[in-house]
Amino acid sequence: MKILVVLNDPPYGTERSYNGLRLAGALSRHEGVEMQVFLFGDAVGCAIRDQKVPDGYYHLDRMLTTVIRHGGQIGCCGTCMDARGLADD
């Protein structure tokens with residue numbers, strides 16, 4: 001089964017991106033699932049590594065790593081990254 005999760009909300013402030021990545025992580029663990037996550041708009045901030053968040057908060061960059069570890073793919077909108085001054089790395 002092929003699944004695409006598209007996220008648009010910022011990494012923090014709402015729980016939409018968090019819930020989307022929870023779902024993507026859970027589904028990516030299943031046999032026969034091809035998971036893809038695409039980040040655009042403010043959601044490109046989810047892919048920033050080593051974010052400093054208060055104790056008890058979730059780390060979305062680590063949640064993306066979980067999807068990748070289970071064979072999933074992550075894509076980011078290049079225009080959205082440019083608009084926020086984010087590099088490809």
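Modeller: In this predicted model, helix α1 lies across β1 and β2. The direction of α1 makes about 165 degrees with β1. Helix α2 also packs on the sheet, where α2 touches β2 and β3. Relative to β2, the direction of α2 is at about 150 degrees.

Now the sheet itself. Three strands make up an open sheet. Their order is β1-β2-β3, and the pairing is parallel. The edges are β1, residues 2-7, and β3, residues 73-76. Each of these edge strands pairs on one side only. From one strand to the next, the twist averages 20 degrees. β1 and β2 run parallel and are joined by six bridges.

Next, the helix pair. Two packed helices are described by the angle between their axes and the distance between those axes. Here α1 spans residues 16-28 and α2 spans residues 60-69. They pack at an angle of about 25 degrees, and their axes are 9 Å apart. Angles under 35 degrees count as roughly parallel, so α1 and α2 are roughly parallel to each other. Their crossing is left-handed.

Which residues make the contact between α1 and α2? From α1 come S17, Y18, L21, R22, A24, G25 and S28. From α2 come L60, M63, L64, T66 and V67. Sorted by class, this contact has seven nonpolar residues, four polar ones and one charged one.

One loop residue is worth a look too. G41 sits in the loop between β2, residues 34-39, and α2. Is G41 buried or exposed? Its relative accessibility is 10%. Buried means under 20%, so G41 counts as buried. Leaving aside residues up to four places away in sequence, G41 touches N8, C80 and R84. D55 is 14 residues from G41 along the chain. The C-alpha atoms of G41 and D55 are separated by 26 Å.

To put the part together: α1 lies across β1 and β2, α2 touches β2 and β3, and the two helices pack with their axes 9 Å apart.

Terms used: Residues numbered from 1 in each chain as written. Predicted model: local features only at pLDDT ≥ 70, side-chain atom pairs only at ≥ 80, totals over all residues. Heavy atoms only, no water. Axes fitted to C-alpha atoms, helices over the stretch in contact; angles between N-to-C directions. Helix = DSSP H or I, 4+ residues; strand = E, 2+ residues; numbered from the N terminus. Parallel < 35°, antiparallel > 145°, perpendicular 65-115°, else oblique. Left-handed = near helix turned anticlockwise from the far one by under 90°. Contact = heavy atoms within 4.5 Å. Nonpolar A, V, L, I, M, F, W, Y, C, P; charged D, E, K, R; others polar. Buried < 20%, exposed > 50% of the residue type's maximum accessible area, 1.4 Å probe, protein only. Pairing = 2+ DSSP bridges.
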